[in-house]
Amino acid sequence: YAQFSKRPEFTYDEDGFYVSQNAFIIPSDDMYIVAILNSNVIAFYSHSICPFIKGEFYQYSPQFVNQFPIPNVIDSIRSKLVNLVNEIMKLEKNLLNIQNTFLNRLLDEFDLIKLPIQFYGFYKMEDKYFIKQIKKLTKSKIELTRLDEWEIYFKNHKQNYCNILFEGKKKDEEVNQLIYKLFKITDKEKEVIENNIPKSYI
């Protein structure tokens with residue numbers, strides 16, 4: 001997990017990556033912990049004990065993270081949360097694959113080493129804006145038929161990405177609703193929490 005972020009962002013590493021001095025590792029393979037630590041409840045609680053840095057960022061060092069409460073839970077609820085986390089992780093991989101495929105095609109097509117940063121959020125672009133940015137990638141004029149092909153390519157990848165993103169948000173919401181119940185959060189408290197934390201990254 002990152003030392004500095006707007007809300008807790010914990011992930012499970014399946015590939016054995018090393019981390020820098022600005023990230024930390026919790027030596028556990030328990031997906032239940034991943035669910036709890038990424039929840040809205042913990043995001044809200046973290047802002048009361050983690051130091052505020054600047055620009056909405058907080059410091060998530062181990063001495064603060066170690067204070068995050070992990071409630072005991074019956075096996076059936078634990079299993080539901082673990083399954084949801086696994087499903088969300090699969091969706092996140094699919095999102096990354098779509099993004100990489102889309103961006104690599106642009107890099108290859110226009111013989112570039114790096115793309116302008118706006119392309120990394122291509123799924124937020126409008127059609128006309130995307131075509132405008134495509135035209136900027138080359139000094140020569142692009143034929144209309146080729147622009148049409150790019151627009152279709154863009155729309156397909158954007159739609160696929162947004163569909164998966166929507167599914168991920170639904171599952172993230174399921175996780176949070178289960179965790180609200182674990183912490184016995186009332187509807188009024190839920191409203192306070194959700195109005196005072198950044199949205200989750202998925």
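Predicted model: local features only at pLDDT ≥ 70, side-chain atom pairs only at ≥ 80, totals over all residues.
Q: A salt bridge is a side-chain nitrogen of Lys or Arg within 4 Å of a carboxyl oxygen of Asp or Glu. What makes Lys155 and Asp127 such a pair?
A: The closest N and O atoms of Lys155 and Asp127 are 3.4 Å apart, which is within the 4 Å limit, so the pair is called a salt bridge. It links distant parts of the chain, with Lys155 in helix 6 and Asp127 in helix 5 (residues 127–136), 28 residues apart. Helices (H or I, at least four residues) and strands (E, at least two) are DSSP runs, numbered from the N terminus.

Q: Why are Lys155 and Asp127 called partly exposed?
A: Buried means under 20% relative accessible area, exposed over 50%, and partly exposed in between (1.4 Å probe, protein chains only). Lys155 has 40% and Asp127 has 24%; both values therefore fall in the middle class.

Q: What joins Glu87, Glu167, Lys170 and Lys171?
A: Salt bridges that share partners join these four residues, Glu87, Glu167, Lys170 and Lys171, into one network. The search of the whole structure finds 10 salt bridges.

Q: How do you know that Lys93 and Glu14 form a salt bridge, and what does the pair tie together?
A: Their closest N and O atoms are 2.6 Å apart, which meets the cut-off for the term. Lys93 lies in helix 4 (residues 75–109), whereas Glu14 lies in the loop between strand 1 (4–5) and helix 1 (31–37), so the pair ties together parts that are 79 residues apart in sequence. Both partners are partly exposed, Lys93 at 46% and Glu14 at 47%.

Q: How do you know that the reach of helix 4 is close to the expected value?
A: The expected span of a helix is 1.5 Å times one less than its number of residues. Helix 4 has 35 residues and an expected span of 51 Å, and its first and last C-alpha atoms are 51 Å apart.

Q: Why is Phe102 called buried?
A: Phe102, found in helix 4, has 0% relative accessibility and therefore counts as buried. It touches Phe122, Phe130, Tyr153, Phe154 and His157, not counting residues up to four places away in sequence; contact means heavy atoms within 4.5 Å.

Q: Is Gln133 buried or exposed, and how do you know?
A: Gln133, placed in helix 5, counts as buried because its relative accessibility is 4%. Its contacts, again leaving out residues up to four places away in sequence, are Gln118, Phe119 and Met125.

Q: Which other residues have a positive phi?
A: Among them are Asp111, which follows helix 4 and has a phi near 55°, and Lys184, whose phi is also near 55°. Lys184 lies in the loop between helix 6 and helix 7 (187–194). With a relative accessible area of 73%, Lys184 is exposed.

Key:
Residues numbered from 1 in each chain as written. Heavy atoms only, no water.
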